[in-house]
Protein chains: 2
Amino acid sequence: MHFDIVIHNGTVITMNSDCNIINNGILCTKNDKIVKIEARTSNMPLPEAQNAIDAEGGIIMPGLVNTHTHLPMALFRGLADDLPLSRWLNEYIFPAETKHIQPESVRLGALLSCAEMLLSGTTTCCDGYFFEDHVAAAVNEVGMRAVLAQGVIDFPAPGVSDPADNVNNALKFIRKWDGLTPLIIPSIFCHSPYTCSKETLKKAKGAADDNGVLFQIHVAETKDEYLQIQTKHHATSIKYLDKIGIIDQNTLLVHAVWLNDPDIEIIAKRRAGVSHNPESNMKLASGIAPVPALLKAGVTVGLGTDSCASNNDLDLFSEMDTAAKLHKVNALDPTLMDAVTVLKMATIGGAKAIGLDRATGSLEIGKQADIIIIDTHKPHLVPLYNPVSQIVYAARGSDVRDVIVAGRTLVKDRKLLTVDLENIIEKVIRFSEIIKKK
Amino acid sequence: MHFDIVIHNGTVITMNSDCNIINNGILCTKNDKIVKIEARTSNMPLPEAQNAIDAEGGIIMPGLVNTHTHLPMALFRGLADDLPLSRWLNEYIFPAETKHIQPESVRLGALLSCAEMLLSGTTTCCDGYFFEDHVAAAVNEVGMRAVLAQGVIDFPAPGVSDPADNVNNALKFIRKWDGLTPLIIPSIFCHSPYTCSKETLKKAKGAADDNGVLFQIHVAETKDEYLQIQTKHHATSIKYLDKIGIIDQNTLLVHAVWLNDPDIEIIAKRRAGVSHNPESNMKLASGIAPVPALLKAGVTVGLGTDSCASNNDLDLFSEMDTAAKLHKVNALDPTLMDAVTVLKMATIGGAKAIGLDRATGSLEIGKQADIIIIDTHKPHLVPLYNPVSQIVYAARGSDVRDVIVAGRTLVKDRKLLTVDLENIIEKVIRFSEIIKKK
């Protein structure tokens, strides 16, 4: 067999079910798939391929999976920080969205986010926003893999002035993108149990089920939400959603901070996925999600950055580092959330939480070739005793050298190949000048 | 006046007492000092200088100050993680130190750490370790600014087989380096109140006072220490140290996690500095230092990374991001530890905590020219609404383009100029092969 790409001279972190690590590994691709992974023995010739990539002693690993983003909000990175949640939302984020979120700005913000994600090793994301059609166009242009959803909320929103149309709009998006291109998987996103009525939630979940797509929802994010749902529905957010039939194995519960033990039992029993966003939850002071307990209960947990407005970046390397450390100090137990557990959340766990674990999240024969190469020849990455620990505790997004998605090289030697990054940056700067003036 | 360096075309974050920010600023140096800072008006010609540095629209700011390091321990980066503190220390770190810490390895580890620090924007560090003479040689070779101390502990230690010699050894180091070169400031470092006797602590503090140098000590780091000191001295660590006369304005209290309100009052009254090491405290699950309360009481707090064995890097950018977010979520208050407060800790606050605020930590006329330039032309650093927020929440160490210490350019376009980084990395890799075998 003649291969398309052969990657060699690196340590392969597979993230397969045994978490195998292959020193001096070889990985071959054909079309969009991984077709060979093995250790290179001495004197073994390099398999023939159109393109040989020398990892130069670095780390070869699965592309990272970001289970929660709002890509266009990169345009609001650092617009307002260190404020109470209500002032941040009502005085800055909502007005900025109302004024500035249009199809063209959504596409621009999504392009910027895709560039940032790829250049920091994320090959798959799971997104929800408005004008999502234009997010999809940007993701498609860049060549990433993504689960994308048109947002549903019971208020007038950018592009959906009448909330009565919200679910139909989201359905239109699903029908348009279903099967259109292999890398974009449509989904539906209800904002939250306090901004969507019971009827909206049930209608949206019904639409998700009818179309066999992932249902995403922000849930149990803040204490305020907890109190509000308790008052209105006399239940926790999870119990309320479960009662109305929203939680099952095709549901992604985003944040999941304010949970009690019965909530965790429900999530585990229903086999729903959880998106853990530690940096956003820290910065907005929402709280610390009980991730060790969720994992212990057998729940699939992925990592997410949330939007750049509340993080303020999309770097899953720093998110891994933070996730590992936050739960240790919270429980005063340094053995919690070890490096392998955290790397799983950022790869195969995340893929599973968003329903893509058969395609991506690990390097295994037959799976999609979503691969990143880490340049470890840097002062902060030597010595290297344990590659997984190095990835979680020392590596940064900027150490990602090459990025391959579905067998196609999108980043080579830290250069983004599919779109004109200079042009995107210039347009974003020009756009931000308008925001600053208003 | 003809200047040595003129830096132009960037936003200057001064970190002076008003935290002035100068758009399109100009900064000039002569010899080792800053001699001019101003806004560039239209049509204003660039001042004449031997060397003009174009910041290309980036950020010009003070070099960062790392108030707590053990530089040679970079050799043990990732050697063992996710373990209970006692197993981590007794099964990995202490044996590795006993076997592998020699003058040559100390120098090598310190060179590696200096390279990492400079390439991530740190221009000053405050260190304590064994064979510190060889740390000083490495720091001197690289050209950084540092407060350095020979460690004092009541056990046999690398290079000090008889603990009875510990303070004398540290004194020898102070006498050798005092005034030898302007960038190295000797100090003394007692390991902790539970590993040094009352006599050792008093003798070491006396030696520090006699020589007018900073006295550093790990204190109130873990619950175990808290319980041990309570049992033995019937007081908190801070109260015990205060009773024996250790805490004053020339004392740096490192970690300071397990404090009660009277402890905070003592620290404030004595005007001691605190080194806050959030990532190390999180990774080792020591606890969360009450930094907002310390700041409220008027205590000077600096940021530190601790060693690479417990972090696992020396990047103060990620340390700032973590510090800002950790305290917000801990208090469920997003207004705590705003970006300016955190950047102060990493610059002028840190400089003050280690007694160097008259020399470094801010960009002001007459101060030392310790300057870094951030390349903001990157997808994760646009748009840019607020430079301080961008530095704390979005920038990474790898965004540092140029580094100047005492008027001398040490890093240019991300290349370290003073030492052969390739050679250091190769030697470190070879050294780690020996550690792995044993």
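In chain A, eight strands make up an open sheet, running in the order β5-β6-β7-β8-β9-β10-β11-β12 with parallel pairing. Here strands (E, at least two residues) and helices (H or I, at least four residues) are DSSP runs, numbered from the N terminus, and two strands pair if DSSP finds at least two bridges between them. At the edges stand β5 (64-69) and β12 (300-303) of chain A; each has a single partner strand, so one side of each has no neighbour in the sheet. On average, neighbouring strands of this sheet are turned by 25 degrees against each other, direction ignored.

Before going further, a word on what you are looking at. This is a predicted model, in which local features need pLDDT of at least 70 and side-chain atom pairs count only at pLDDT 80 or more, while totals for chains, interfaces and linings use all residues. Residues are numbered from 1 along each chain as its sequence is written, and chains are lettered from A and ligands numbered from 1 in the order in which they are written. The predictor's confidence in each residue is its pLDDT, from 0 to 100. Chain A averages 97, and 100% of its residues score at least 70. Within chain A, helix α1 (residues 85-100) has the lowest confidence, with a mean of 92, and strand β13 (residues 371-374) the highest, at 99. For the model, ipTM is 0.97 and pTM is 0.98.

Now back to the sheet. Strands β6 (residues 122-129) and β7 (residues 145-152) of chain A pair in the parallel sense over six bridges; Tyr129(A) has Gln150(A) in β7(A) as its bridge partner. Across β6, β7 and β8 (184-190) of chain A lies helix α3 (residues 132-142) of chain A, at about 170 degrees to β7(A). Helix α4 (residues 166-177) of chain A also packs on the sheet, where α4 touches β7 and β8 of chain A and makes about 160 degrees with the direction of β7(A). Such angles run from 0 to 180 degrees between N-to-C directions, with axes as lines fitted to C-alpha atoms, for helices over the stretch in contact.

Stepping back, chain A is divided into domain 1 (3-62 + 366-406) and domain 2 (64-353), with bounds that come from an automatic or database domain assignment. Their C-alpha centres lie 29 Å apart. Between them, 17 residues of domain 1 are in contact with 23 residues of domain 2, contact meaning that C-beta atoms, placed from the backbone, lie within 7 Å. On the domain 1 side, α14(A) gives the most, with five residues.

Finally, how do the two chains relate? A rotation of 180 degrees with 0.0 Å of shift along its axis superposes chain B on chain A, with an RMSD of 0.0 Å; the two copies are therefore related as by a two-fold rotation axis. In chain B, the C-alpha of Ser398(B) is nearest the axis, 3.4 Å from it. The superposition is by least squares on the C-alpha atoms of residues with pLDDT of at least 70 in both copies. Where the chains meet, 57 residues of chain B are in contact with 57 residues of chain A. On the side of chain B that touches chain A, α11(B) gives the most, with seven residues.

Note on methods:
Two residues are in contact if their C-beta atoms, placed from the backbone, lie within 7 Å.
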